[in-house]
2 protein chains.
Amino acid sequence: NKKDKLSVSDYVEGILSGNISILSQGITLIESSLPKHHIIAQQVIEQCLPHAGKSVRVGITGVPGVGKSTFIEALGVQITSQGKKLAVLAIDPSSERSKGSILGDKTRMEVLSVDPNAYIRPSPSAGSLGGVARKTRESIVLCEAAGFDVVFIETVGVGQSETAVHSMVDCFLLLMLAGAGDELQGIKRGIMEMADLLAITKADGANLQKAMMAKAEYTSALHLYPPAESGWDPRVLTCSSLEKDGIADVWNTISDYIATTKENEFFQNKRQHQSKYWMFETINESLRESFYDNVAIQNLLTKLEEDVLSNKLTSFAAAQMLLDKYFDNLKE
Amino acid sequence: NKKDKLSVSDYVEGILSGNISILSQGITLIESSLPKHHIIAQQVIEQCLPHAGKSVRVGITGVPGVGKSTFIEALGVQITSQGKKLAVLAIDPSSERSKGSILGDKTRMEVLSVDPNAYIRPSPSAGSLGGVARKTRESIVLCEAAGFDVVFIETVGVGQSETAVHSMVDCFLLLMLAGAGDELQGIKRGIMEMADLLAITKADGANLQKAMMAKAEYTSALHLYPPAESGWDPRVLTCSSLEKDGIADVWNTISDYIATTKENEFFQNKRQHQSKYWMFETINESLRESFYDNVAIQNLLTKLEEDVLSNKLTSFAAAQMLLDKYFDNLKE
């Protein structure tokens with residue numbers, strides 16, 4: 001196995017020199033569940049860390065049907081045509097590789113997939129959101145060390161993964177369809193409030209007028225939200241991936257956002273905040289796993305949950321019994 | 001000390017007979033930090049539980065200046081005048097009793113505080129949000145066992161306490177001022193999306209027209225949100241506590257909401273969901289406390305946090321080191 005033969009320094013040198021094949025192998029190592037791969041991956045990441053952090057990280061979400069692939073292709077080409085290097089990653093905790101995952105089919109992005117300045121990486125196979133998030137964040141480190149200027153993190157706008165993506169990017173972009181009705185869009189509550197930029201896709205042909213109306217509606221709705229901490233007023237744009245209309249404007253707006261937030265230091269503060277967030281989030285998730293995966297707890301939990309639901313026990317008394325059991329169990 | 005002399009059955013009998021003095025002493029027991037009080041309180045709560053659950057629980061929030069006290073007084077009198085018994089509790093994790101707390105000054109509600117069908121309980125003294133939430137939820141059990149038909153949970157619209165209140169009530173009411181600008185209102189992101197009913201206060205005199213405009217604006221904004229799981233479309237109302245205008249309408253709308261959600265069973269499902277939520281929330285908070293209050297962890301955390309912020313270590317590697325240390329420590 002070739003992967004096992006590369007040393008940590010082989011990986012690091014390859015990645016730092018921009019070798020895409022070695023970058024891909026490094027990410028595969030990060031995604032591996034084998035402990036020996038995990039150990040090497042951690043050393044590679046640690047040595048790449050001082051060279052990371054220089055890209056612009058953009059989160060892109062929107063439900064299936066919004067035209068995410070064609071949008072990413074159009075925006076990606078816009079970026080690479082300026083001589084910038086673009087990496088496209090994905091978070092899709094629900095996917096299983098065998099069932100096909102987002103970005104799994106590179107042929108969806110015909111132009112970008114053969115663009116020498118672009119690197120498209122399919123989403124890792126299914127796992128817990130925490131696990132998938134860790135792998136993606138570590139993959140960002142390797143991509144940045146390999147010299148990518150812009151990193152896209154794609155996700156599907158239907159679940160918790162938006163919050164995870166929002167917590168690892170500098171700029172969060174929400175794609176919307178005009179006139180589809182929010183029920184159809186399937187956007188979860190709170191997602192719209194996370195967006196720095198809302199792009200209404202497929203603003204062409206017979207759809208153009210609806211798109212313009214949606215833009216006006218969302219613009220006035222966004223004004224009712226409390227001001228964002230970033231000091232940036234979220235913008236609403238329309239675009240057509242088909243006619244390449246408004247795509248340059250999306251990239252210019254992202255660039256404006258980055259410039260504004262670097263100027264007022266929100267950018268730097270957010271990055272630091274995110275680093276701490278993921279440290280604490282990882283700790284908290286591991287503490288919960290240790291508790292809920294404990295077999296003695298699982299049996300008692302089922303029983304006490306019934307007592308709580310039938311009003312025999314308060315939520316707090318049940319929790320206390322479970323906690324006592326858990327800590328006794330750990331000491332044994 | 002009188003409190004120590006009452007037995008568990010004295011408390012339970014007193015509360016079930018609607019004795020307000022004993023109810024108050026029971027809540028004081030819940031709020032006490034003494035372990036012996038805690039043991040008695042748990043027994044009292046357990047015996048009250050089968051008699052609890054029959055009230056309508058209403059969360060009321062809004063920033064200082066919105067007129068919360070006069071609103072609660074006006075709405076409260078509306079309710080008690082129909083022969084219903086009303087208890088008013090408060091959650092205010094930031095308050096310290098010595099510095100004055102919300103509801104602490106009963107004279108703010110001149111009529112309600114002497115109404116025989118109303119019981120106003122000042123917020124417990126400062127503590128963790130989890131602790132304060134537990135005390136409030138347990139106090140609801142005692143109030144319901146004492147025969148209260150409606151329970152208000154008041155909170156200040158400036159922090160995390162809204163989420164806690166939202167997770168323990170059937171209906172969540174947000175008070176807003178017209179034309180104050182969202183910056184001034186200080187409403188946190190996401191709070192508006194939690195509301196089942198938005199009431200624009202001080203809709204009287206020169207303010208009336210502004211209030212009507214705000215109502216139209218918020219109504220159209222709420223339509224842009226995805227539909228609520230409750231099957232209920234959040235409403236916007238205007239009211240004047242001064243002129244008692246629109247107050248009956250607020251109560252009728254709350255009653256409609258309760259009827260609708262009981263009919264479609266969202267009400268019952270939400271209660272069960274909340275019981276589970278608080279069990280899991282209590283467990284998760286205790287797990288976090290056990291970790292972060294550990295002295296060995298605190299020292300290492302400070303060091304590793306610096307390493308993460310200076311890019312010497314990833315968030316995940318730091319988390320793993322801390323977790324290893326913690327679990328080793330627990331076994332010792």
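Modeller: Let's start with Thr201(A), which is buried because its relative accessible area is 3%, under the 20% cut-off for that word. Please keep in mind that this is a predicted model. Thr201(A) belongs to strand β6 of chain A, a strand that covers residues 197–201. The side chain of Thr201(A) comes within reach of a backbone oxygen, that of Val66(A), at 2.8 Å. Val66(A) is also among the residues that Thr201(A) touches, together with Leu175(A), Met176(A), Leu177(A) and Cys239(A), leaving aside residues up to four places away in sequence.

Now to the place where the two chains meet. Chain A brings 59 residues to the contact, and chain B brings 59 residues as well. Between chain A and chain B about 5,500 Å² is buried, with carbon and sulfur atoms giving 66% of that area. Two salt bridges are found across this interface. One of them joins the side chains of Lys276(A) and Glu305(B), 3.6 Å from N to O. Polar contacts between chain A and chain B number six residue pairs, counting those with both residues at pLDDT 80 or more.

Several helices of chain A each supply at least two residues to the side that touches chain B, including α4 (35–48), α10 (208–224) and α12 (266–292). Of these, α12(A) gives the most, with 15 residues. Sorted by class, the side of chain A that touches chain B holds 32 nonpolar, twelve polar and 15 charged residues.

Methods:
Residues numbered from 1 in each chain as written. Chains lettered and ligands numbered in written order. Predicted model: local features only at pLDDT ≥ 70, side-chain atom pairs only at ≥ 80, totals over all residues. Heavy atoms only, no water. Helix = DSSP H or I, 4+ residues; strand = E, 2+ residues; numbered from the N terminus. Buried < 20%, exposed > 50% of the residue type's maximum accessible area, 1.4 Å probe, protein only. Polar contact = N/O pair within 3.5 Å; in protein donor to acceptor, adjacent residues only side chain to side chain. Contact = heavy atoms within 4.5 Å. Buried area = accessible area lost by both parts, 1.4 Å probe. Salt bridge = Lys/Arg side-chain N within 4 Å of Asp/Glu carboxyl O. Nonpolar A, V, L, I, M, F, W, Y, C, P; charged D, E, K, R; others polar.
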